[in-house]
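Here's a protein model to explore together. Take a look at the sequence and the 3D view, then read on for a short tour.

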Amino acid sequence: MKVLFSSLMFICFIAFGYSQKRSAYSSYPTESKVIYGICFTLNGEALAIADNKTIKVYSTNSKELIAEFKGGHSNQILSVDISKDSTLLVSGGKDSVINIWDINSKNVLQSIKCHKGKITSVKISTDGQYLLYGCTGNFAYLFDLKLRKVIMEFTDHTGTVTSVIFSSDGKFLFTASADKAINIYGVEDYRLLTSLKQHKGWVRDIAINKEGTRFVSCGDDGRTLLWNISDIQNASVEKKSFLPFSWITTVDFKDDNLTYLKGGFNGKIKIICPMANYRVRIRKPVNKVLFKPCEGIFIKAAIATSGKGVILIDSKYLSI
Amino acid sequence: MKSKKIFLPALILCLYFHFSSSKAQLIDNKLNIYIYKEEFIQFNGDKLLKENNFIFPSLYSGFYSKSGYSFKILYKSFKNISWGIESEYLKASGWECGNYLEFKDAKIGITSISPVFQFHTGFSKNSFFKRGKMFLEVMPSFGYSHLTFSGQFFEVKSIKEKISAPFKSNDPFYGYKGSVGIEWSLTQHFGSSVSYAFGQSFLKSSFYCDTQFAYSQINIGLFLKIFQDKYYLYQ
């Protein structure tokens, strides 16, 4: 009897703690519970979610569906991005197709077929002139959105290109890969400036701060590396953190240039602030995490998961 | 009292696995290592064998105390097919067959090695098959059966000295095995597995009349995921 009672108490205790933590989260209604690609608009008022083959854009305030982009993909979308002026939306996925959508008309402006592999990451440059995308076939491509053609093919990686980004000033572009390397190229001459090989496993994601002085990378080796790129040729690791036996799949920088976060397949998210760190447990693999822009000193983040769709978390409910 | 002592740690362990963050860490695997404890081993077949109008007791069917272990490595080549190798050690003692005393105090140790071909359900990111896997295995098996008589079975008198127990015999065999079972991942790196296995082996020995032995057993084991399929995100 005593054993049964203590067991019941134990269950109640855990269930109560679990229900308390749930109040920090709110989710978006998606058809698929496995979401890979999410993207905020520049002002953070809308969130684009790659819901299987469709892209849904929700208002972050009312959580209402604002727009839906259908019919462009025949397989799951893995990555989405919105241009800074909110006129273009780009998506790429398992069907090896990149679609450039006009946000106003919701039509596909151009569809690009990648013959080298599935599209893992897409990114539009800050000035809206270029589109950078990476694929499982070890290549990354630079596409000119005005000329509407691929202007450069980057072939230095020997593994799947997992993530691509532009620097804030648009002068450099970064590619992360399964070959454990992060390559930095100059946009003007497309020259490989440096190849950073500090990771010991797949590099899964990279994110750069607004100032362009630091970027953060993460990977399957459980490492999260904060890089100082004040001198891009001599990039150095400023801070290292290591979580054994876990794949860190996503990182992002907040617009204050100091705060960043990381999320992994262990369902844990850590927000690293100058004053304190926040921890969130989602209990489902985390595929992508993005800070909501324009929140000032407050922290809100959207989390794309495998199993719980997209969740929005608010730091005021989180434990430090 | 003993059952209560086991119940509480078992409950805590179950709750730990259920509520721990490891719940999220399930990734398609490429290479697994298994360790099984074999239980409910049963040698099937007649207890008495007929040969040239003589009746002899069967060695294998008479054992009532049996236990075994097996070790297996599996590599996943395709979504539904894995292959690997299995090594098994099974021991049996406590022979009994009516009033026959031929193999009383006999012990056998069966060591076998088998190339394994496993057909299984595919990994899925968000369903039962995210954690679970059902499988069917078929394999040829090769090995030897090591028989020991601790008591005196024969008495051989030579010119100079008397040779007596223990007698030992190593008899090679070949055969086939099959199993059906289920795997359940508890964490990204660790899981448990249960299977029902059956097999038949053929051999020849000068110490007993059995020319084959058939058996069935339940395998209860644990597995470690060594390599994981990093490409599964893009599949």
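In this predicted model, chain B has 235 residues, and 32% of them count as buried. Now look at how chain B folds back on itself: among contacts between residues at least 6 apart in sequence, 65% join residues at least 24 apart.

In soluble globular proteins, nonpolar side chains tend to be buried together. The largest core here has 91 residues, and the members touching the most others are Ile38(A), Ala48(A), Val80(A), Tyr133(A), Phe174(A) and Ile303(A). Strand S11 of chain A (residues 130-135) gives the most to this core, with 5 residues. Apart from it lies another core of 16 residues, including Leu147(B) and Tyr208(B).

Zoom in on Ile38(A). Leaving aside neighbours within four places in sequence, its contacts include Leu47(A), Ala48(A), Val80(A), Leu290(A) and Val310(A).

Finally, find the open sheet of 4 strands in chain A, ordered S6-S7-S8-S9 with antiparallel pairing. Strands S6 and S9 of chain A are at the edges with a single partner strand each, so one side of each has no neighbour in the sheet. From one strand to the next, the twist averages 20°. Strands S7 and S8 of chain A run antiparallel and are joined by 5 bridges, with Leu88(A) standing opposite Asp102(A) in S8(A).

| Strand (chain A) | Residues |
|---|---|
| S6 | 77-82 |
| S7 | 88-93 |
| S8 | 97-102 |
| S9 | 107-113 |

Methods: Residues numbered from 1 in each chain as written. Chains lettered and ligands numbered in written order. Predicted model: local features only at pLDDT ≥ 70, side-chain atom pairs only at ≥ 80, totals over all residues. Core = buried A, V, L, I, M, F, W, Y, C linked by C-beta atoms within 7 Å. Buried ≥ 20, exposed ≤ 12 C-beta atoms within 10 Å, placed from the backbone. Helix = DSSP H or I, 4+ residues; strand = E, 2+ residues; numbered from the N terminus. Contact = placed C-beta atoms within 7 Å. Pairing = 2+ DSSP bridges. Axes fitted to C-alpha atoms, helices over the stretch in contact; angles between N-to-C directions.
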